[in-house]
Amino acid sequence: MRQAEVVLRQMTAADLPAVMEIERATFPADAWSEAMLRGELRDQPRTRHYLVAEVDERVVGYAGLAVAADQADVQTIAVLAAHRRAGVGAALMDALLAEAARRGATAVFLEVRADNPPAQAMYERFGFRRLGLRRRYYEDGTDAITMTKDLGSERPDAERPDGERETQKES
């Protein structure tokens, strides 16, 4: 069986019904409200970057990023259960990290539920490291693990320790 192609595009208000369905299914204890997501979209593209992932023209996942100065935060990322472990989440995370670097972020932060080892493992595969713990962070009292990833060496115009600028060469 051939794996369906994942198409990423900018999230719009028209995507909110599908996104809210995924939000409620993925985060039943602490789902964001539609008003919260609309507020995030209002800040796009100034400080926010929200994407949806489509498979066969159906929204199966979404992700959001906030960027201020040289710091970025993964606001949310979710994929329908039937499409997990198929590269959808990885495609979304790749796109968020690329956008963070494009906007000049040198570090990306996120919070992940302490009771979600699969998500923690995915973030670790992307080079995130544990930073700390936020006790009772989520609505149901679950702790959040804070994680960070340094983008300094991944930016195309990153400065090397010797003060010289790095440039990416085209292959």
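## The chain as a whole

The structure is a predicted model, and every value below was computed from it. The secondary structure of the protein chain comes to four helices and seven strands, and from the N terminus on these elements follow the order β-α-α-β-β-β-α-β-α-β-β. The protein chain has 171 residues, and buried residues make up 43% of them. If we consider contacts between residues at least 6 apart in sequence, 56% of them join residues at least 24 apart.

## The largest pocket

Rolling a probe the size of a water molecule over the atoms shows where empty space is left. In this model the largest pocket holds about 1000 Å³ of space. Its lining is made up of 34 residues, and those that lie nearest the centre of the pocket are Phe27, Ile77, Asn116, Ala119 and Tyr123.

Which elements each supply at least two residues of this lining? They are the helices α1 (16-26), α3 (88-102) and α4 (117-125), together with the strands β4 (71-79) and β5 (107-113). The largest share comes from β4, which gives six residues to the lining of the largest pocket. By residue type, the lining divides into 20 nonpolar, seven polar and seven charged residues.

Strand β4 also holds Thr76, a residue that counts as buried because its relative accessibility is 7%, and buried means under 20%. Leaving aside residues up to four places away in sequence, Thr76 touches Glu23, Phe27, Trp32, Tyr50, Tyr62, Ala63 and Gly64. One of these contacts, Phe27, is also among the residues that lie nearest the centre of the largest pocket.

## Salt bridges

The structure holds 13 salt bridges. The table lists three of them, with the distance between the nitrogen and oxygen atoms.

| Arg9 | Glu54 | 3.0 Å |

How many residues apart are Arg9 and Glu54? The two are 45 residues apart, with Arg9 in strand β1 (residues 6-10) and Glu54 in strand β2 (residues 48-55), and the pair therefore links distant parts of the chain. Arg9 counts as partly exposed at 29% relative accessibility, whereas Glu54 is buried, with a relative accessible area of 15%.

Arg113 lies in strand β5 and Asp140 in the loop between β6 (129-134) and β7 (144-150), so the pair ties together parts that are 27 residues apart in sequence.

## Backbone details in the loops

Most residues other than glycine have a negative phi, and most peptide bonds are trans.

A cis peptide bond joins Gln44 and Pro45, with an omega of about 5 degrees. Pro45 is placed in the loop between α2 (34-42) and β2.

Glu57 has a positive phi of about 65 degrees, although it is not a glycine. Glu57 is found in the loop between β2 and β3 (58-68), and it is exposed, with a relative accessible area of 77%.

Arg136 likewise has a positive phi, near 50 degrees, in a residue other than glycine. Arg136 is found in the loop between β6 and β7, and with a relative accessible area of 64% this residue is exposed.

Methods
Residues are numbered from 1 along each chain as its sequence is written. This is a predicted model: local features need pLDDT of at least 70, side-chain atom pairs count only at pLDDT 80 or more; totals for chains, interfaces and linings use all residues. Side-chain values use heavy atoms; hydrogens and water are left out. On a 1 Å grid over the protein atoms alone, a cavity is a set of points where a 1.4 Å probe fits but cannot get out, and a pocket is an open set with protein on both sides within 12 Å along at least five of seven lines; lining residues have an atom within 4 Å of a point. Grid points are joined across faces, edges and corners, and a volume is the space filled by probe spheres set on the points. Ala, Val, Leu, Ile, Met, Phe, Trp, Tyr, Cys and Pro count as nonpolar, Asp, Glu, Lys and Arg as charged, and the others, Gly among them, as polar. Buried means under 20% relative accessible area, exposed over 50%, partly exposed in between (1.4 Å probe, protein chains only). Contact means heavy atoms within 4.5 Å. A salt bridge is a side-chain nitrogen of Lys or Arg within 4 Å of a carboxyl oxygen of Asp or Glu.
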